[in-house]
Amino acid sequence: MAALVFLACVGIIFGHAHGALKLASYYSDHMVLQRGPQQAVLWGNADTEGDTVTAQVIGQGSAATSKVQNGKWKLKLPAITNPGPFTVDVKSRDGHVTLHDVLFGDVWLCSGQSNMEFEMKKVMNTSTEIQKGVTLKTIRYMKTQWAKSNTPVEDLQIGQPWTVPTEATLKEFSAVCYLYAEYLQSHLNYPIGLIGSYWGGTPIEAWSPPEAIRSCPVVTHGTEPDCCPHAPQILWNAKIYALRAMTIYGAVWYQGETNADHTTEYDCQQKAMIREWRAQFHRESMGQTRADFPFGYVQLGAIDDKGYVGGFPALRWSQTANHGYSPNSDQHNVFMAVAMDLPDFTSPHGAIHPRYKQEVAQRLVMSALNVAYGHKGVKFQGPFPTKILTSGNSLTIEFDAGSAQLDIRNTHGFEICCSGGCNMFNNAVAAPITAHSQSSVTVDSSGCGSQHVQVVRYAWRTSPCHLLQCAVYDSITGLPAPTFYLTVPEGGGLIG
């Protein structure tokens, strides 16, 4: 009986396979392959060295071929924009594999720690969300198994094979990942495939390839907990490495809580990880995954309602490569969703796991439409300072070069650091809003007395406000101004 169960599982993972020809474990019935103009890559194993492997999307162009070398083969299918569904046939002298109900669309990789892992069954209005989700048959998803390895693993352990949405599978899948696809698809109108590869409580080092780790300062996290792998590259090896040959459109990342005690290093770490993921996915997909594929991330949210500074604000700043927004000159084709104003202090899953994943996904999609898909008319960033003017005991902060349309929801959140007394972790002097116009706010800087105001910072708390109640928003989009930490020019003037 156990043998029959094992054989059934193999059939699920590898499609309908006969003989020694095999596809990598993450190719299966119901999957989504990357649509044109990119070419989807297939790869696998075979026994007969030098043999020809032929793959055909039935009814869609010519066949693709590859030679078996060192027991492996890899090929590029024709670029296909027709969504399907299709049957894909793969043949060689060693066997025949058939994949059924294959769609062509955009494939997104979703990774990170527990807020990416946070399942659909836990979000606000979960029943309604899942009932809607199961009707969207052209969003497909798969999930990697919890696995770690000290060395790179050539093929993945699969936790959930590719599936059409069902209530049973959707409730266990990443909420941010799925809702991102749901909202994005309403603009794209073609299939979306999702690869969920995440693990709660893990640091960025565990997801980083060795080339990225070597290029940044060493961070020590102490004794590794039983729950969550912390060792460098241990999850890259087990849960990302094998995916590199698959053609993807982009990646979405939600991580950082575990690195909040090492905030200054995170700037280098995130840039290095993105750089190496891009380089390796591009190389191993034979150039089909873009060398600068879109990379989106969720900026850290809130934890609790205690009002302390902590490490989260500085980590948020590092996530933006110390610019305060993404994309920027250090983060090409990188986009961000702000989450600091979406706290859920009474979440049954702990305040560090807010249930408002719909808002997070909506903000990610606004950013992705502009940055990843070129819809330049979509406004995707909240207001950001471009000029600071000083006058007596006041600072006037202009947003978006005077083009902002501000919605001021309270007078709190701005702080100033006086000459010689500034760092990212201390309690600065409160600078409440005293006036505002359509595109600027004026704050009280009298707390510095006769000293020069060296830094103005905003929302510089682990949990800076209650739900949707930070001080500054865009009145049209409802997007919040992000956390920032800016040097005030002597006498005032342009920032940067």
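## Close-ups of a predicted model

**View 1. Helix α5 packs against helix α10.** In this predicted model, α5 (residues 175-188) and α10 (residues 357-371) pack with their axes 8 Å apart and at an angle of about 50 degrees. That angle makes α5 oblique to α10. As for handedness, the crossing of the two helices is right-handed. On the α5 side, the residues to look for are Ala175, Val176, Leu179, Tyr180, Tyr183, Leu184 and His187. They meet Lys357, Gln358, Val360, Ala361, Gln362, Leu364, Val365, Ala368 and Leu369 of α10. Sorted by class, this contact has 12 nonpolar residues, three polar ones and one charged one.

**View 2. Gln185 is a buried residue of helix α5.** Staying with α5, here we zoom in on Gln185, which sits in that helix. Its relative accessibility is 11%, so Gln185 counts as buried, the cut-off being under 20%. What does Gln185 touch, once its neighbours within four places in sequence are left aside? The contacts are Thr138, Ile139, Tyr190, Pro191 and Ile192.

**View 3. A cis peptide bond joins Gly84 and Pro85.** Omega for this bond is about 15 degrees. To find the spot, follow the chain into the loop between β7 (72-76) and β8 (86-92), where Pro85 is placed.

**View 4. Ser326 and Pro327 are joined by a cis peptide bond.** Here omega is about 0 degrees. Pro327 belongs to the loop between α9 (312-319) and β15 (334-337).

**View 5. Asn322 has a positive phi in the loop between α9 and β15.** This is the loop that also holds Pro327. Asn322 isn't a glycine, yet its phi is positive, near 65 degrees. Is Asn322 buried or partly exposed? With a relative accessible area of 36%, Asn322 is partly exposed, because that class lies between the 20% limit for buried and the 50% limit for exposed.

**View 6. Gln233 has a positive phi in the loop between α6 and α7.** Look between α6 (210-214) and α7 (234-240) to find Gln233 in its loop. Phi is near 60 degrees here, again a positive value in a residue other than glycine. Gln233 has a relative accessibility of 19%, so it counts as buried.

Notes:
Residues numbered from 1 in each chain as written. Predicted model: local features only at pLDDT ≥ 70, side-chain atom pairs only at ≥ 80, totals over all residues. Heavy atoms only, no water. Axes fitted to C-alpha atoms, helices over the stretch in contact; angles between N-to-C directions. Helix = DSSP H or I, 4+ residues; strand = E, 2+ residues; numbered from the N terminus. Parallel < 35°, antiparallel > 145°, perpendicular 65-115°, else oblique. Left-handed = near helix turned anticlockwise from the far one by under 90°. Contact = heavy atoms within 4.5 Å. Nonpolar A, V, L, I, M, F, W, Y, C, P; charged D, E, K, R; others polar. Buried < 20%, exposed > 50% of the residue type's maximum accessible area, 1.4 Å probe, protein only.
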